[in-house]
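Subject: Structure for your review

Dear colleague,

Please find below the structure that I am handing over to you. My findings follow directly after it.

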Amino acid sequence: MRHRSTPQRAPGLVALLALAAWLPALAAAAPAAGAHAWDGTGTPAELDAWVQQRLQGADAALARLLAAKGPRSIENTLQPYDEAFGAIVDAICQSQVLYGVGASKELRDKAQALSETTQSALTALNLNQPVYKALSAIPAPADPGVRHYLERTLLEYRLAGVDKDDATRAKIKQLQDKITERSLVFNRNVHDDVRKVVVDQAQLEGLPPDFLASHKPDAKGQVTITSDPPDTSAVLKFANSAPLRKQLFLAAHAVAFPANTEVLRGLLTAREQLAHLLGYATWADYAMADQMMGSPAKLAAFVAKVDEASREPGAREDAALLAFAREREPALQKISAQDARYWQEQYRRAKFNFDSQSVRPYFPYAAVEKGVLDTASKLFHVQIRPVAGLRTWHPSVTTYEVFDGSTKLGTIYLDMHPREGKDKWFSTQPLTAGARGRELPDGALVCNFPGGAPGDPGLMQYGDVVVFLHEFGHLMHHLIGGQNRYAGQGSFNIEGDFIEAPSQMLEEFFHDYGVLAPFAHHYQSGAVLPQELYLRMTRADTYGRASDQQRQLIYTAMSLDTHRLEAAGIDFDALWRKDFEHYSSAAYLPGDHFWAAMTHLTGYSSNYYTYVLDKVIALDFFAQFDAKNLLDGPAGMRYRQAVLAPGGSKPAEQLVRDFLGRDTNLDAYRGWMLAEFATDATASSSAH
Ligand SMILES: [Zn+2]
């Protein structure tokens, strides 16, 4: 659920006064008793106390489970197990969110330490033999959703190695802790390593006015640009200066290098050893055993199909791009990795008469937020209302309650703009697991969109707008799927390689004029996004889809290869280059250490393929909606009930079949990639 994207403005404009006003008085310290670690004082001590309380609650539930007399049942065994599981998950979620967004370094450091503590508690639960034996002794439940939960829990126990001897289990625990620790260090190295390049102001030609406004030259006429995504993406896309693009590309692709070389090797070695201990040939085999995909062999077959579908149209796109670039630079042999986005932008402007800057005035942050909430409300038949007075971790965070009629589904927290020390990505974070009658599933978006400072309208790129709805798709999945009886039946507990399907499906809605027009209004004049501008934008947007899918296969290959080759012998640069060159026609730039900051390697490990698999499923899902009436037709409610509401109480494969009436296929995916080659048809059918 973490994404790189393309915001325009630089981070760092923290409203310091507001921050100081928000920091609570230390004297007001009170024990943490609420549902959230920030409900009281917001101090590191409060977070610590809150987490310890959750972990003690988990211990108490497990003691109750183990002390139960008589035959094992749902009530005396699964129920207390789920209470313990839910308490630990809440402690993990909130430690992790504060690690990314905590207002002070002290709080983030405490949150990082507690992320390890809480993950370790989950590992210990997953290796608890008496609990496993008690769960195994429950007779098969009649309710299919409860039966699935129990069966999947027992499968996860076996995958965790619970049936191994004491010495092996101790070793497993040690490796799990090492994996958690190395992952946190890897991510923190990325988070903390901001590279800066200082350039002459004259080199900024081509960059949009608001970039220039937020990057004023110093007394010597020099401008500082950082490797953070907002700066990097703007420069690589818009800067006319090839030397600047190269300099910043190398800076951004050296983040956490070389620091993460041995961190990554340590992580991969620990995973490899763990897979071997558990009887799997590689970590990739192990990590896919409880996923929809099932095995690396099935993945190879799937990748071959996707490659077959995307390679030829991708090559056509690349050839057109190169021909276009050669009109301006006749000597050009190949487009270099650092120049690809620039040429794509130039191509889009020339071929589709579309400048991605031209739509930004129609997407000021506040209107987009309202548009996202309204779209989700209509589509999923929920009501989303602002709620005032809730404590949060930062004054810029806004809060909403989500209702289904009179039933409250949960609370959402939106932390949407960059600030110093905050996580630089785009993510959805569950805050509480959700279990009917026990607690509601709360969640947060942690994003870095433009805006947030007084007087800044936060003009977003179209891509940002789509990312916002994507993340909101995760949030809706969590809230709607978090209403089951047990915490372990929540959406976050479904097969991990299904997670990106509901979010990617939602992206498609914002390619529709009828959905955009109600909120895409000019931030000064109020004029609606003109239909002919929209048409040019969507035509430009369809260009590059196939080569984009080929790029996803690069990441898929890197993620898989690092987890199936022997860690000790991997030359990460060479491997990255090999995978890059297999799927990309662009020239590899020596000094590109992208992998060192590829945090997906910690979270998704070998399973980056999730994005591609879920794109295929998402497009198949979207094709079931009435293109003429996307939000108001019956498909929205049917989708909510068949796909979102079950959360993790059914196998993902079953959810797909329940909604489609069949298994998924690549038909819609192929059509989506080929849309650019039939732009006239696209233009006439997608506008209404
Ligand atoms: Zn996502």
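I begin with Ala256, which is buried, with a relative accessible area of 2%; buried means under 20% relative accessible area, exposed over 50%, and partly exposed in between, with a 1.4 Å probe and protein chains only. This residue is found in the loop between α10 and α11, where helices (H or I, at least four residues) and strands (E, at least two) are DSSP runs numbered from the N terminus. Phi of Ala256 is near 65°, a positive value in a residue other than glycine.

The model is predicted, and local features need pLDDT of at least 70, side-chain atom pairs count only at pLDDT 80 or more, and totals for chains, interfaces and linings use all residues. Residues are numbered from 1 along each chain as its sequence is written, and side-chain values use heavy atoms, with hydrogens and water left out.

A positive phi also occurs at Asn353, another residue other than glycine, with a value near 50°. Asn353 has its place in the loop between α14 (340–352) and α15 (365–380), and is exposed, with a relative accessible area of 53%.

Lys216 lies in the loop between α8 (209–213) and β3 (222–226). It counts as exposed, at 61% relative accessibility. Leaving aside neighbours within four places in sequence, Lys216 is in contact (heavy atoms within 4.5 Å) with Gln222 and Val223. From Lys216 to Gly455 the separation is 239 residues in sequence and 18 Å in space, C-alpha to C-alpha.

Asn76 has its place in helix α3 and is buried, with a relative accessible area of 18%. The side chain of Asn76 reaches the backbone nitrogen of Ser73 at 2.9 Å. A polar contact of 2.6 Å joins the side chains of Asn76 and Thr77; such a contact is a pair of N or O atoms within 3.5 Å, where, within protein, one must be able to donate a hydrogen and the other to accept it, and residues adjacent in sequence count only if both atoms are side-chain atoms. Not counting residues up to four places away in sequence, Asn76 touches Leu65, Ala68, Lys69, Gly70 and Pro71.

In helix α5 (residues 129–136), the buried residues are Gln129, Val131, Tyr132, Ala134 and Leu135. Their cover includes α2 (44–67), α3 (74–101), α6 (144–160) and α7 (166–192). The N-terminal end of α5 is capped by Asn128, with a side-chain oxygen 3.2 Å from the backbone nitrogen of Val131.

Strand β6 (residues 407–415) is largely enclosed by the rest of the structure, because seven of its nine residues are buried. Strand β5 (residues 398–404) runs antiparallel to β6 and is joined to it by seven bridges; two strands pair if DSSP finds at least two bridges between them. Within this pairing, Tyr400 stands opposite Ile412 in β6. The two strands β5 and β6 form a hairpin with two residues between them, and Gly405 in the turn has a positive phi of about 65°. Strand β8 (residues 443–446) runs parallel to β6, with four bridges joining them, and Asp415 stands opposite Val446 in β8.

Phe621 touches Phe498, Ala501, Met505, Tyr639, Val643, Val656, Phe659 and Leu660, not counting residues up to four places away in sequence.

Finally, the structure holds three cavities of 30 Å³ or more. On a 1 Å grid over the protein atoms alone, a cavity is a set of points where a 1.4 Å probe fits but cannot get out, and lining residues have an atom within 4 Å of a point. The second largest cavity has about 60 Å³ of space, a volume being the space filled by probe spheres set on the points. Its lining consists of 10 residues, of which Trp38, Gly42, Leu98, Leu107 and Trp393 lie nearest its centre.

Yours sincerely

Note on methods. 1 Å grid on protein atoms, 1.4 Å probe; cavity = no way out; pocket = protein on both sides within 12 Å on 5 of 7 lines; lining within 4 Å.
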